[in-house]
Amino acid sequence: MQKFFLAVDRVSTFAGQAFAWLIVALTALICWEVFSRYVLNSPNAWAFDVQIMMYGTLFMMAGAYTLSKNGHVRGDILYGFFKPRTQAFFDLILYLVFFLPGVVALAWAGYTYAAESWAINEHSNITANGPPIYPFKTAIPIAGALLLLQGIVEILRCIVCLRDGEWPSREQDVEEVDVDKLKSMVTREGEGTHNVGPVSAAGER
């Protein structure tokens, strides 16, 4: 089971890191458009559409990667102090009630949108000779499928944690906030305050 968990983590990580290069391409495109507009006096009408599609693809394809790293937003200040079984209990309920229906709908609707877009060879109509939209819409069901697969793994992780009392390991990556260090620091400060109080009171007496 653990090998399956880590294998799916690696797939999500690969997809997230591969599409992360879009931010480099997006930055280069914006710089070129600014140069063309203000230096060459030759703006490109299609640039705005392409920028939106690139950023949208980057955002969607990062979903499964972020979930695999346990990086989505939550109330870590409270959640981090729960015992693993309590965390798994709340996570499991939220995955079943909110995550699964939403992501299944995303993947299904995204497939429909992509199929229709390919069928009509859809292009952007915001500008004349706009860029094709069907590659962008194809990213929607792919991102939904990856997110759903990673979500199933997270649900299984919750079940394992409820059974064993501790979270299964996952692929390590950079973390914005180290919850374990925060917990240990707060615990040490609390113990220090608890220990100093009686001594100070005895000294005053």
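Biologist: What makes Cys161 and Cys158 too far apart for a bond?

Modeller: A disulfide is a pair of cysteine sulfur atoms within 2.5 Å. The closest cysteine sulfur to that of Cys161 belongs to Cys158 and is 7.3 Å away, so the two are too far apart for a bond. Searching the whole structure gives zero disulfides. Do keep in mind that this is a predicted model, where local features need pLDDT of at least 70 and side-chain atom pairs count only at pLDDT 80 or more, while totals for chains, interfaces and linings use all residues. Residues are numbered from 1 along each chain as its sequence is written, and side-chain values use heavy atoms, with hydrogens and water left out.

Biologist: Why is Cys161 called buried?

Modeller: Buried means under 20% relative accessible area, exposed means over 50%, and partly exposed is in between, using a 1.4 Å probe and protein chains only. Cys161 has 0% relative accessibility, so Cys161 counts as buried. Across the protein chain, buried residues make up 31% of the 205 residues.

Biologist: And Gln51, buried or exposed?

Modeller: Gln51 has 18% relative accessibility, and therefore counts as buried. This residue is found in helix H3. Leaving aside residues up to four places away in sequence, Gln51 touches Leu26, Leu29, Ile30 and Glu33; contact means heavy atoms within 4.5 Å.

Biologist: Why is Asn121 called partly exposed?

Modeller: Its relative accessible area is 41%, so Asn121 is partly exposed. Asn121 sits in the loop between helix H5 (84–119) and helix H6 (134–164). Its C-alpha atom is separated by 8.1 Å from that of Ile133, twelve residues apart along the chain.

Biologist: How do you know that the span of H3 agrees with its number of residues?

Modeller: The expected span of a helix is 1.5 Å times one less than its number of residues. For the 22 residues of H3 (residues 47–68) that should be 32 Å, and the end C-alpha atoms are 33 Å apart, so the two agree.

Biologist: Where is the kink in H3 centred?

Modeller: On Ala62, with a kink of about 35°. The bend at a residue is the angle between axes fitted to the seven residues ending there and the seven starting there. After H3 comes Asn70, whose phi is positive, near 60°.

Biologist: How many helices and strands are there in the protein chain?

Modeller: There are seven helices and zero strands. Helices (H or I, at least four residues) and strands (E, at least two) are DSSP runs, numbered from the N terminus.
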